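Please keep the sequence and the structure in view while reading.

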Amino acid sequence: MLLSGIHHLTVLASDPKRNAAFYTDVLGLRMVKRTVNFDAPDVYHLYYADAQGTPGTLMTVFPFPQAARGKRGSGEVSAIAWHVPASSRDYWIRRLAEKGVGFDGPATRFGQEVVTLLDPDGLKLELVFSADPPKVVTWNPSVVPAEHQLRTFHGVTFSLQNADPSLALLSTIMGARSVGTEGVRHRYALGEGTEAAMIDLIVDANLPWARQSAGSVHHIAWRVKTDEEHGAWRERLLAADVRVTEIVDRKYFHSIYFREPGGILCEIATDPPGMNVDEDWSELGSKLQLPPWYESDRKRIESVLPVLD
Ligand code: ZN
């Protein structure tokens, strides 16, 4: 039983309009869902992804308009990387420059070129140029031509004071395998073939604890394809004395949550039922979707949420 790489990443932001403009108008992702925080409906929950919100491409955001920036440190996902076709390298360098987005690189890491940039709230994003990147469902109305669109997540960086307890869980229980070390970066892979996600551990005993706010990754969700596997993963974690939640219905997927020993909040989420449970593929993200228990409050919720477009 293997995890199938990353299902989604959930991040915190400040201004929702600026956030949406960056991920859709600069990076060219599709907003595939516009909903609210199910526990606090006055805050948006926005989903960006490929054309169909395929797991492995999903980034979700809680934008709190007045939020201060988070502080980088130990116990967090400190960078998110996407696969991008190597042939699109010059396109992206030109595009970022044209859009006034500062970036570093390309630098070479594990034999691949990487460009590093920050989102408007200071979250570190990486474009990893891959000779044969995994395929996604390209979105034709995107401002980025199909051949240059971001593909699946290449992986994440974990910043930790001490890797040992985290590694015990990641490798022994979750099935991550060592890929190699380059400088301060210890790379592990989770998942098989094109679904594999890289986890780069950067360990620094002197790191202060991260403080989560705008520009921080809130949690990482690992992917399973069926509810049966999901239940089995919950049992496996419980058997390893990991404190894991009950199964939670997130409408578009089912979730369990646990904190890995380094402090990073992890989730395991299912492919089913998917992004089209409440709107057709062609309409994804076009209207505010509310869970049934908030429908009666729709008018008030719509009136307090900032206008996005
Ligand atoms: Zn999640």
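## Cis peptide bonds

Pro106 is found in strand β6, residues 103-109, where helices (H or I, at least four residues) and strands (E, at least two) are DSSP runs numbered from the N terminus. The bond that joins Gly105 to Pro106 is a cis peptide bond, with omega about 5°. The peptide bond from Pro272 to Pro273 is also cis, with omega near 0°, and Pro273 has its place in strand β16, residues 265-273.

This is a predicted model, in which local features need pLDDT of at least 70 and side-chain atom pairs count only at pLDDT 80 or more, whereas totals for chains, interfaces and linings use all residues. Residues are numbered from 1 along each chain as its sequence is written, and side-chain values use heavy atoms, with hydrogens and water left out.

Phe110 is not a glycine, yet its phi is positive, about 45°; Phe110 lies in the loop between β6 and β7 (112-118). With 23% relative accessibility, Phe110 counts as partly exposed, on a scale where buried means under 20% relative accessible area, exposed over 50% and partly exposed in between (1.4 Å probe, protein chains only). Asp241, likewise not a glycine, has a positive phi of about 65° and sits in the loop between α4 and β14; at 72% relative accessibility, Asp241 counts as exposed.

## The zinc site

The protein donors of the zinc ion are His8 (NE2), His219 (NE2) and Glu267 (OE), which lie 1.9 to 2.0 Å from the ion. Donors here are N, O and S atoms within 2.8 Å of the metal (3.2 Å for Na, K and Ca), and water is not among the atoms, so sites may look incomplete.

His8 belongs to strand β1 (residues 6-13) and His219 to strand β13 (residues 217-224), so the pair ties together parts that are 211 residues apart in sequence. Both histidines count as buried, His8 at 1% relative accessibility and His219 at 6%.

Eight strands form an open sheet in the order β2-β3-β4-β1-β13-β16-β15-β14, with mixed pairing; two strands pair if DSSP finds at least two bridges between them. At the edges are β2 (30-37) and β14 (248-249), each of which pairs on one side only. Strand β2 runs antiparallel to β3 (residues 40-49) and is joined to it by seven bridges, with Lys33 opposite Tyr47 in β3.

Helix α1 (residues 16-26) lies across β1, β2, β3 and β4 (58-63), running at about 10° to β3; axes are lines fitted to C-alpha atoms, for helices over the stretch in contact (heavy atoms within 4.5 Å), and angles run from 0 to 180 degrees between N-to-C directions. Buried residues of α1 include Pro16, Phe22, Tyr23 and Val26, and the helix is followed by Gly28, whose phi is positive, near 80°.

## Cores and helix α3

The largest nonpolar core has 69 residues, and those with the most contacts inside it are Ile80, Phe158 and Trp222. Such a core is a set of buried Ala, Val, Leu, Ile, Met, Phe, Trp, Tyr and Cys residues joined through side-chain atoms within 4.5 Å. A second, separate core of ten residues includes Tyr47, Ala49, Ala269 and Met275.

In helix α3 (residues 164-173), the buried residues are Ser166, Leu167, Leu169, Leu170 and Ile173. They pack against β9 (153-160), β11 (185-190), β12 (197-203), α4 (227-239) and β15 (253-259).
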